[in-house]
Amino acid sequence: MKILWAYRGAVHTPGRSPLAATLKDVPGQLPVTHMSAVNDLLLIHWLKEMGHEVSYLVLEHGAPWYIPQVRLRDVDPGDWDVLMVFKLHAIRNLVPLGLLKLPWRRVVFWADFSGLANAIGDAKVDTVCWGTSPLMGREAPTMPRTRHTVVEHATTFVTPPEMGATVPRGLYAGRMPWRYKLMVEQAANICPMLIYSIKIEMDPKKRWIFLRPGQYTPEELAEAQAWAPEGSELRPAVNIHTEADASRAAFGFVPATGPVRFGPQFYSACKFWDYLALGLPVVIADMTPEAEHVRANPGLGELYTQDNGPSLTVAIERSLRRAEGADFTQARKAIQKWVFGNHTWRHRAAEIMEAIA
């Protein structure tokens, strides 16, 4: 099958050299493990491994050198079996340029955001692969003539990483809007936290400090590090594929995006999958979509109720006791086996092709 891949985000890629990474090796080559910058590359890799011909539709940024590129001016819908639109990023270009209204044989979206029907107007879409079941349940009725299925996020690790010796602390990696910041502080009152953050909302007035490589000054880093709760350590965003300390924790922390009064969370808690790949059980808010996996497989971690301090304390204390057990190493291996058994982007690529077919 010939697939034209549309994605607007900046593409990170290792330098071109005789020893340059293959597409499969890309996650370990990036300066920061940002989900959107990895997911599409891994999906393309596995689709190519499955025998499909995949080319990158260049919208704003060029594609990695190892993926064939198609410029907007050269697009002929008749040349492709499928236009695959990845996330919201591509829509901002596709809609104004009228590309979605061209006579494509088939248009497929992978979406982890709401409002898709409004974003694309009356454009024809054959299939939407939603990032979570709650999101599909809310959004599918707005697109009654479209086929809908769930294709979750997955771990960005391609193979199981080595597990470091456990330290009695938690791990948090990712953005830290004000609400997350408060939750991480609350967790840090129970045990030390190792924090890798891309950006931190330092106060309710929406003042952010960006901690991506090259995006912060020494003064900003010092201010952010000074915020770190007592006994915890804050580091700038890194690629946790290459950070040995990332797996040296008792659990990975997965707070919810909003308060309980707003009801279940619709959007994916993406880092859930990478914590498990590191062999870490999670402490996860029970209103997140991925919590259903922990309910079905208690060995994956502990649930807590968002906005309930005693509940969080119990979940973390149970996790710390679990980490002290003689069988914790075996339990961590079982977690890795579970996530690599059916929750990699290789599996997700197969699910997308099944939805297309």
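Helices and strands here are DSSP runs, numbered from the N terminus. With that in mind, welcome to the tour of this predicted model.

**Stop 1: a serine in a loop**

Select serine 268, in the loop between β12 (251-254) and α7. Is serine 268 buried or exposed? Its relative accessible area is 14%, and buried means under 20%, so serine 268 counts as buried. Now show its side chain together with that of glutamate 290: a polar contact of 2.7 Å joins the two. Setting aside neighbours within four places in sequence, serine 268 touches Thr132, His153, Trp273 and Glu290.

**Stop 2: from Trp273 across to α10**

Tryptophan 273 belongs to helix α7 and tryptophan 338 to helix α10, and the two are 65 residues apart. Tryptophan 338 is partly exposed, with a relative accessible area of 21%.

**Stop 3: along helix α10**

Next, select residues 328-342, which make up helix α10. From first C-alpha to last, its 15 residues reach 22 Å, close to the 21 Å expected. Which residues of α10 are buried? Colour Phe328, Arg332, Ile335, Gln336, Val339 and Phe340. These residues lie on the same side of α10, because they cover an arc of only 120 degrees around the axis. Turn to the other side of α10 and you will find Gln330 and Lys337 exposed. Among the elements covering the buried residues are α7 (271-277), α9 (309-324) and α11 (345-356).

**Stop 4: a group of rings**

Select phenylalanine 86 and tryptophan 110, a stacked aromatic pair with 5.4 Å from centre to centre and 15 degrees between the planes. Phenylalanine 86 is in strand β4 (residues 82-86) and tryptophan 110 in strand β5 (residues 107-111), so the pair ties together parts 24 residues apart in sequence. Phenylalanine 86 is buried at 0% relative accessible area, and tryptophan 110 counts as buried at 0% too.

**Stop 5: charges over rings**

Select lysine 2, which lies over the face of tryptophan 80, 5.0 Å from the ring centre. Then go to lysine 199, whose charged end sits over the ring of tryptophan 208, 4.8 Å from its centre.

**Last stop: glutamate 243**

Finish in the loop between β11 (233-236) and β12, where you will find glutamate 243. Its side chain makes a polar contact of 2.5 Å with the side chain of arginine 235.

Key
Residues are numbered from 1 along each chain as its sequence is written. This is a predicted model: local features need pLDDT of at least 70, side-chain atom pairs count only at pLDDT 80 or more; totals for chains, interfaces and linings use all residues. Side-chain values use heavy atoms; hydrogens and water are left out. Helices (H or I, at least four residues) and strands (E, at least two) are DSSP runs, numbered from the N terminus. The expected span of a helix is 1.5 Å times one less than its number of residues. Buried means under 20% relative accessible area, exposed over 50%, partly exposed in between (1.4 Å probe, protein chains only). The arc is that of the directions from the helix axis to the C-beta atoms. Contact means heavy atoms within 4.5 Å. A polar contact is a pair of N or O atoms within 3.5 Å; within protein, one must be able to donate a hydrogen and the other to accept it, and residues adjacent in sequence count only if both atoms are side-chain atoms. Rings of Phe, Tyr and Trp (its six-membered ring) pair if their centres lie within 6.5 Å; planes under 30 degrees apart count as stacked, over 60 as edge-to-face and the rest as tilted. A charge sits over a ring if NZ of Lys or CZ of Arg is within 6 Å of the ring centre and within 35 degrees of the ring normal.
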